[in-house]
Amino acid sequence: GLQCRMPAPPLWCHLRLLGHSKTCARRNETGCVHCELEVFAAQYASERRPFAPRSLVRRVMQSGAMLFGEMHDSHEFTLALLDGLLVANLTKSPPPDQDTSLEMLERQTLQHHLFGGTLVSSITCSLCNHSNVNRERLTVIELAVQNSGGGGGVLGWVRGAAASVGVGGSSSVSLESLLRDYTAVENLEDYRCDGCGKKPSEAEKRADSRWAGAEAEPQQLRKRLLLAEGPRVL
C-alpha cells in the first residue's frame, strides 16, 4: 500500500519538504502519523535496499484503528493511515464552533487536499420530477472491481490512486472505466420519492388524466453519483 502511494507527486513533494515535522510540537510524542510519514519518505528516498517501515506501522497501530495480533490487509492499513494523518493535521486547528464546522476544518487538511473529495448524490423521480441532491465530503473513494468471469460479485476494492487493476491473468481494468461505473445512473426500486411519496414498485402503471385508463410510463427513480471535487492523487 505504501509503495503504491508514495510515488504520487503531490504527496511525495509535500513529505520531502519536511514542513510538518519542523514545527510539530508532538514530533517526539506517540501518535503523530504525519511526522512518521516524513521520516519514512526520507528513508524511502535514500535506501537502496528493502526495509520495513516498523516505526510508521507502530504509529498507525497505536491510533486504535488496527489491533496487534489480528490480521489486516493493505486496504485497512491505508484507511487507518489516512485517519491518522487527518488527526495529526487537526491537532493545531481551533475547535469547531457555530461559524466553523468540523467538516470545514477537515477540508483544510493535507489529508483532504490529497486524498479527499466532494461527492454529489442526486435522486430524480420521473413521475413528479422531484430531485433530491446532497453534497458530502469524501475521505476516500472506493471503486468496485467486478468479476468479469461470469460469476458476478466483487473481486476487490480500489482505494487511492491506481492506473490499472489486475482482475485475473493478464487482464486489467483502467481507473477511468472504474470511475465511469462509479458515476453510472442506477435505478432504485425499494425507495420512496420525497416529492410524490411513491415507490417504483407501487406505481408501475398510472392513468393519464387526459386518457382515462391509458397505460403510462412506469415510475423511475434514478440515482447518480458525481465527483464535484476529486482527490489530487488521481
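Contact means that heavy atoms lie within 4.5 Å. The model is predicted, so that local features need pLDDT of at least 70 and side-chain atom pairs count only at pLDDT 80 or more, whereas totals for chains, interfaces and linings use all residues. Residues are numbered from 1 along each chain as its sequence is written, and side-chain values use heavy atoms, with hydrogens and water left out.

Q: Leaving aside its neighbours within four places in sequence, with which residues is Leu82 in contact?
A: Leu82 has its place in helix H5, where helices (H or I, at least four residues) and strands (E, at least two) are DSSP runs numbered from the N terminus. Leu82 is buried at a relative accessible area of 7%, buried meaning under 20%, exposed over 50% and partly exposed in between, with a 1.4 Å probe and protein chains only. The C-alpha atoms of Leu82 and Phe115 are separated by 8.3 Å although the two are 33 residues apart along the chain. Leaving aside neighbours within four places in sequence, the contacts of Leu82 are Gln111, Phe115 and Thr139.

Q: How many helices and strands are there in the protein?
A: Buried residues make up 32% of the 234 residues in the protein. Among contacts between residues at least 6 apart in sequence, 53% join residues at least 24 apart. The protein has eight helices and eight strands.

Q: Are H2 and H3 roughly parallel or roughly perpendicular to each other?
A: The axes of helix H2 (residues 9–16) and helix H3 (residues 33–46) come within 9 Å and cross at roughly 100 degrees, where axes are lines fitted to C-alpha atoms, for helices over the stretch in contact, and angles run from 0 to 180 degrees between N-to-C directions. Angles under 35 degrees count as roughly parallel, over 145 as roughly antiparallel, 65 to 115 as roughly perpendicular, and the rest as oblique. H2 and H3 are therefore roughly perpendicular.

Q: By class, which residues does the contact of H2 with H3 have?
A: From H2, the residues Trp12, His14, Leu15 and Arg16 meet His34, Leu37, Glu38, Ala41, Ala42, Tyr44 and Ala45 in H3. Ala, Val, Leu, Ile, Met, Phe, Trp, Tyr, Cys and Pro count as nonpolar, Asp, Glu, Lys and Arg as charged, and the others, Gly among them, as polar. By class, this contact has seven nonpolar, two polar and two charged residues.

Q: Which residues does Glu38 touch, not counting residues up to four places away in sequence?
A: Glu38 has its place in helix H3, and at 1% relative accessibility it counts as buried. Not counting residues up to four places away in sequence, Glu38 touches Leu15, Leu18, Gly19, His20 and Ser21.

Q: Which residues are buried in helix H4?
A: Helix H4 spans residues 54–62. What covers its buried residues includes helix H1 (2–5), H3 and helix H5 (74–89). The buried residues of H4 are Leu56, Arg59, Val60 and Met61.

Q: With which residue does Arg59 form a salt bridge?
A: A salt bridge is a side-chain nitrogen of Lys or Arg within 4 Å of a carboxyl oxygen of Asp or Glu, and a search of the whole structure finds four. For Arg59, which counts as buried at 14% relative accessibility, the closest N and O atoms of the bridge are 2.9 Å apart. The pair links distant parts of the chain, with Arg59 in helix H4 and its partner in helix H3, 23 residues apart. That partner of Arg59 is Glu36.

Q: Does Asp190 count as buried or exposed?
A: The side chains of Lys199 and Asp190 meet in a salt bridge, at 2.9 Å from N to O. Lys199 is buried, with a relative accessible area of 19%. Asp190, at 66% relative accessibility, counts as exposed.
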